Amino acid sequence: MTQKITTEQLDEIQGAEALAWVEEHNARTLARLETPRFGEIRKSIKEALDDPARIPHAAIRGDFAYNFWVDEEHPRGIWRSQLASNYLQNKDEWHTLLDIDELSEKEGKSWVYEGATVLYPDYTRALIALSDGGSDAHEVREFDIDTRTFVEDGFKMPESKGAHSWINKDELVLCRDFGPGTMTDSGYPLQVRRWKRGGPMEEARVIFEGEKSDVGSFGEFDATPGWERLIVTRMTDFYSNETYILDPLVGEELRKVAVPGHVEVMPWRDWMLMRPKEEWTTGGKTFKAGSLVAAHYADAFHEDFEGFELFSPTDSSALADVTTTRHHVVVNVMHHVSNRLGILTPPTSENDGWDRRDLKLGVGFEVPNHATIAVSAVSGRDSDRLWLYTTGFTTPMTLSLVELARSGETLSAQVVRSAPTMFDAAGLEVSQHFATSEDGTRVPYFQISKEGTGPAPTLLYGYGGFEVSLTPSYLAGAGRAWLERGGTYVVANIRGGGEYGPKWHQAALKQNRHRAYEDFVAVADDLVARGVTTREQLGAQGGSNGGLLMGMMLTKYPEHFGAIVCQVPLLDMSRYHTLLAGASWMAEYGDPSDPEQWEYIKTFSPYHLFDPQREYPPVLFTTSTRDDRVHPAHARTMVAKMDEAGAAPLFYENIEGGHGGAADNEQRAKMGALAWEFLWQNLGGEEA
């Protein structure tokens, strides 16, 4: 029998009553879902996650390649290195620098590695970020790479959300919690400071301070030789920024880049690259929302400067990403959620304007249909080499190396690593379709299914927020747990995402939020109309903002689905802005404390839309005790409300994992298996 508990008790993340309630619900869920099939799925996912043949993605710094590796022997992982030349020849002669499992055991902590920032240009030191249990907040310690030890009396920062960057071996840029009054309402840094070795962190010099109502202020140091500068970004809300730059060649004062708040700014050598989220006029030219604009670096600090258009979106294309190398700007453009790469080269003594050309690879380099193509700079300061990533839903990732030339000849891609095949894709077909939403908008979605099959158990996945695009990626876990067993998998590219740029995102903001939900239901109905599945066999899944999406499917559109998996969700929109990082998302959802805004926000608050008299499909809620981004109380209180009404939802809260929901591969496999077993029980029409 479920114990009675109050909202106030469930809000206490580590409260004794709350944890007892969690333990009771976890046990109830495991009793239902820990079947022999669950065990098979968990083992299969764990094997895929730990597969020793998967790509060890590396950062090349100087002569060495650095990689963080997790496997059966090292569940918390090891940070390791080897010669970059060996890595590029597909050799694995790694040397362990830091063993997180050993560190956790030694210190009695549940450490999760959050990254290493290696000092440029001598690469002798690193700043290692570690979180306890996987939360966003982390502590940072200075590490000596040569001796493979933490630096005694070196830089050390206690647990906090924030960011850090090397200026030189003896000075850092810091954005963290420096004590009372130094964090925003959203729980992010209010100040940017410069901290010199030897002095207390709390006495580090403040170089910038925003407002408490901001999302936060963040600083970084650009160490590009000849263009060294300190960059400060003040996020006034999630989509509005002010950028300030301290350029030692000009002076010791921060100067503000003269652009509106909706324009993202990226200094690159003697240019300023800018991406407006709204239509923008400067220097007598008007640029569309979602454009890429360049200006001479020195001009960008003065009003109404001249800009040069490098990319302009269309109704079917959007700028997905921008990558810079030593001499080039590489643009990744999506056309109906398919990638195309272009190379932009600034004017030279031989060329008065920007040179534009497609990135063309040599004969024999194949990219699968409906694939994701992405690039990142190997070392943007020093070279024109690119990492090239290609992957598809049924095609494992290939990692290649491309050397950009100064001229326009076809480039060759050297395949460096190829990921192993994780599941049997024989007979699977990947296709793209379009559903028509309630207002007539065409909404794309991808379908992965067996060729020529009739209605099958189908999982529809979605997100629809924060301009995040859902692009094809290899379905290792879903392939083993769902596709191989006869299920169909679908990804919906609904509004609120970034698949068609800022306009696609802004179409579902605040009072227009309902458009994202209408899009998702349109895809669900299209799947049924096309005979891909039936309503009884159709499930839906999403996490975080996608968890809010699932909450809406559950409470507003329950008759469209046979089962729903709702992960690390927002659900109580009346107070989301008061819980953890929630205040930072008011530019996305609105401010519930404003009565006028609450009128539309309450139309997408699942907690308030729940009707105890209505019938709902089976639902599984999952969250994490260590999630310090989306408060676990969202899921807890929703489940308690449904319990009281006799709706009997399933709920599982992982004690670790942060917003990702899991802290290691064992936990990831378990959380994944719980969801898949739940879906098979409710959509597959078969016993475990």
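Analyst: The cover over the buried residues of helix 3 includes helix 2 (16-33), helix 6 (476-483) and helix 14 (665-683). Helices (H or I, at least four residues) and strands (E, at least two) are DSSP runs, numbered from the N terminus. The model is predicted, and local features need pLDDT of at least 70, side-chain atom pairs count only at pLDDT 80 or more, while totals for chains, interfaces and linings use all residues. Residues are numbered from 1 along each chain as its sequence is written, and side-chain values use heavy atoms, with hydrogens and water left out.

The residues of helix 3 that are buried (under 20% relative accessible area, with exposed over 50% and partly exposed in between; 1.4 Å probe, protein chains only) are Arg-37, Phe-38, Ile-41, Ser-44, Ile-45, Lys-46, Ala-48 and Asp-50. An α-helix has 3.6 residues a turn, so residues three or four places apart point the same way. The length of helix 3 (residues 36-50) also agrees with expectation, because its 15 residues at 1.5 Å a residue should span 21 Å and its end C-alpha atoms are 21 Å apart. The expected span is 1.5 Å times one less than the number of residues.

His-138 lies in strand 7 (residues 138-144) and is buried, with a relative accessible area of 9%. Leaving aside neighbours within four places in sequence, His-138 is in contact (heavy atoms within 4.5 Å) with residues including Glu-114, Leu-130, Pro-158, His-164 and Arg-176.

Ile-373 belongs to strand 28 (residues 371-377) and is likewise buried, its relative accessible area being 16%. With neighbours within four places in sequence left aside, the contacts of Ile-373 are Asn-332, Asn-339, Leu-341, Val-367, Leu-388, Tyr-389 and Thr-390. Ser-338 is 35 residues from Ile-373 in sequence, and their C-alpha atoms are 8.1 Å apart.

These parts belong to a protein with 14 helices and 39 strands. Buried residues account for 59% of its 688 residues. Among contacts between residues at least 6 apart in sequence, 56% join residues at least 24 apart. Along the principal axes, the C-alpha atoms fill a box of roughly 70 × 60 × 55 Å.
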